[in-house]
Amino acid sequence: MFNRSCPTGKIVYASLPIAEDVLIELWSRNEYNSAIAPIAVYRCDDCGFYHLTSKGPMNDKLSKAISSGQINRQREANRWEDKFKKR
Ligand SMILES: [Zn+2]
């Protein structure tokens with residue numbers, strides 16, 4: 001990864017598409033469903049890069065990934081992967 005930091009101490013993403021990919025990956029890997037999950041990406045005034053946040057309206061890409069079933073399919077795939085790994 002690249003070496004940038006932010007005074008907020010949050011993880012820094014270099015661009016919006018990267019942060020959105022991470023957001024969707026997180027949702028695919030974790031059984032998120034509550035208000036404490038990260039749901040959006042924003043550009044930070046302090047560092048000029050992107051962070052994830054649990055506040056604000058849900059990110060468009062994430063919202064589409066959930067409503068299209070992409071997240072659920074990914075979760076299902078990950079569950080199978082985990083089963084195979086445990087053997
Ligand atoms: Zn920042």
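User: In which helix is Val22 found?
Analyst: This is a predicted model, in which local features need pLDDT of at least 70, side-chain atom pairs count only at pLDDT 80 or more, and totals for chains, interfaces and linings use all residues. Residues are numbered from 1 along each chain as its sequence is written. Helices are DSSP runs of H or I with at least four residues, strands are runs of E with at least two, and both are numbered from the N terminus. On that basis, the helix that holds Val22 is H1.

User: Is Val22 buried, partly exposed or exposed?
Analyst: A residue is buried if 20 or more other C-beta atoms, placed from the backbone, lie within 10 Å of its own, exposed if 12 or fewer do, and partly exposed in between. Because Val22 has 16 other C-beta atoms within 10 Å, Val22 is partly exposed.

User: Which pattern does the chain follow along the sequence?
Analyst: The chain has three helices and two strands. Read along the sequence, these elements follow the pattern α-β-β-α-α.

User: At roughly what angle do the axes of H1 and H2 cross?
Analyst: Two packed helices are described by the angle and the distance between their axes. Here the axes are lines fitted to C-alpha atoms over the stretch in contact, with angles running from 0 to 180 degrees between N-to-C directions. The axes of H1 (residues 16-29) and H2 (residues 60-67) come within 9 Å, and they cross at roughly 35°.

User: Which residues of H2 make the contact with H1?
Analyst: Two residues are in contact if their C-beta atoms, placed from the backbone, lie within 7 Å. From H1, the contact is made by Glu20, Leu23, Ile24 and Trp27, and from H2 by Lys61, Leu62 and Ala65.

User: With which residues is Leu62 in contact, leaving aside its neighbours within four places in sequence?
Analyst: Leu62 is one of the H2 residues that make the contact with H1. Once the neighbours within four places in sequence are left aside, Leu62 is in contact with Leu23, Ile24, Trp27 and Ile39.
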